[in-house]
Amino acid sequence: MEPELAVALPAAGAACATAFRPRPKLAFASGAALGVAGLVAVILSRADLTSDQLGILLTLSPASRAILIAASAALAILVALPPPRAERSTLLRWGLGGLAGMTAMAAAPTLGVVVMILLLLVVLQASGAGRRGYAIRFRAPALAVCLLALAIALAAMQGPALLTRLVVVCLVAGLAAALGVLPYIHEFDPDESTAASPIPWLAFVGPVLAVVVVGKAGEMVEGAEDAFGALLIGLGLINIVVATLASWRTSSDAEAWRYSFIADWGLALCGFGLVVPDGVGAALLVLYSILLGRLPLYLWSRQSLREKAQTDRPINFIVAAALAGSAPFAGFPARILLLRAATAMYWPLALVLALSFLLWLPGSLRLGRTIGAPAGRQLIGVAVALAISVVFGLFPRPLLGLAGL
Amino acid sequence: MTEVAAFVAWLGAAVIVLADSRRGLAAGLAVVALAAAAIAWSQGEEGGAIVLLAGGVLGSALRFTIGPDGWGLMQPGSTPRLLFTIVVALVALWVALAVTSGPSAGFRFTALTVLVLLGGRLLEAAEPAVMLTAIAGVALVLGIVSGDGIVSYTLAALVAAGVSAMPAPATKRPRGT
């Protein structure tokens, strides 16, 4: 199936869900039908098949297609088992809008087109109602657009080797600013709706954007691949250390969740920086676990975060174990692959990473408690997320195969 | 031609940096669109130039109708911004002429000066109309640097016009997750 359909169907779903807002059931039905059709189109689209039906060459790489499928599945789980106080049609509207943009970014022929689509997503997200001021919501992702655009402009010029290094810096800084990781953490309001908060950049749009930017960066950083990898690893390590400590020590539980996303991104950045297949595989597994584990668990914990309910039941410890990346959950094979890649590249890095993995424990125990005592739909959702994480942890090979590794 | 276009691009971006109201912002965006179209034309992309100009002018017309009233050019306290426009122009001129090679010097100067000026404006501004105008200007420059032919020019034009049509939302407290 052609990538055009994979872009158009979720976009049409988001448009229908928006147009029929006064009639939530109709909005949900039309959005869900088109969203499911879009998911089928992504699944059936062949990776690396180029299509030019619209006069523009569209290709889905295996890695970006795999992450898109995971993002679609995450959206489907959240819409099927919505968190308390969340409207299904609203979740679907925002989710399908994001998914259409993510698919367009994944299929775009060049980084320039990707950045223009990112720009549209930035403007659309900022246009929603949020508790933070418009300028605060807009500034960091818009800075990312400018930095990535500057990288493209510099890459189009010839000059000394320093110029390619500048391209590397702009690319990595732009990616960090778009995701909202250190050193460009977006301002966070715990009471803001998730769609308007920085969480979609960290946990929904971010994974696809990172795969696309890293995938397309290769030809732009020719001659400075080592610097690109080193910068990603350095940024990854800083994010791991700072965010795991912050997730443990910060006063607000919602902030702790946000820092836990950033810590996971540290792992993913390290994986992308270690250019060997094991490193990239580790990064992709971390992104799967963000999309299908950490994001749904965060959304289902929002109600107990509001009520400040904390419990020490077995389910809380199981969730903590999943968030900490212990066996048999999805984070475990990701960490093993990362250690293997680091050992192959430079063994002291593996030592540093192994020590840093311990830092996940106190923060994860804290986050596990914030799930509260899930019941009903929330309990089913938590069970589904944990089951998916166990399956990914025990059988990571099919997932890596889906991403072409 | 590209040298003139590059100067015009700097002028347009400088007006966006120095303006705080809709008329000044619209004028700046129109000038950036004109310069971007001229650069595209000089690269042999006549169709792309026309599309880019149309998108930029439409965006400028929309900006003329949305935002704080007046020109708002060089309001009190804008001296640092004026210095910023001059310093960025000098540094970009040095980089474009002495440090880099490749596409024409005018193209290199335009890309650097507009992206840095409008990026700086985005970091400093608090008014939605200003931020949306700056990002529309960035989209126009992305159109000429991304190198996808008519596709990137068309997308840039659509983005510039679409962004300028966005109303700035009122900040309110939503309910729900």
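## An arginine in chain B

R81(B) sits in helix α4 (residues 79–99) of chain B; helices here are DSSP runs of H or I, at least four residues long, numbered from the N terminus. This is a predicted model, where local features need pLDDT of at least 70 and side-chain atom pairs count only at pLDDT 80 or more. Residues are numbered from 1 along each chain as its sequence is written.

With a relative accessible area of 12%, R81(B) is buried (buried means under 20%, exposed over 50%, partly exposed in between, using a 1.4 Å probe and protein chains only). What does the side chain of R81(B) make a polar contact with? It's the side chain of D20(B), at 3.2 Å. A polar atom of the R81(B) side chain also lies 2.9 Å from the backbone oxygen of V17(B).

## Another arginine, in chain A

Over in chain A, R132(A) is found in the loop between α5 (111–127) and α6 (134–155). R132(A) counts as buried because its relative accessibility is 6%. A polar atom of its side chain is 2.8 Å from the backbone oxygen of E187(A).

R132(A) and R65(A) are 67 residues apart along the chain, and their C-alpha atoms are separated by 33 Å.

## Two helices side by side

Now for α2 (residues 24–44) and α3 (residues 62–80) of chain A: their axes come within 10 Å and cross at roughly 155 degrees. That makes α2(A) roughly antiparallel to α3(A) (angles over 145 degrees count as roughly antiparallel, under 35 as roughly parallel, 65 to 115 as roughly perpendicular and the rest as oblique).

Among the residues that meet here are F28(A) and L39(A) from α2(A), and R65(A) and L68(A) from α3(A).

Key: Chains are lettered from A and ligands numbered from 1 in the order in which they are written. Side-chain values use heavy atoms; hydrogens and water are left out. Axes are lines fitted to C-alpha atoms, for helices over the stretch in contact, and angles run from 0 to 180 degrees between N-to-C directions. Contact means heavy atoms within 4.5 Å. A polar contact is a pair of N or O atoms within 3.5 Å; within protein, one must be able to donate a hydrogen and the other to accept it, and residues adjacent in sequence count only if both atoms are side-chain atoms.
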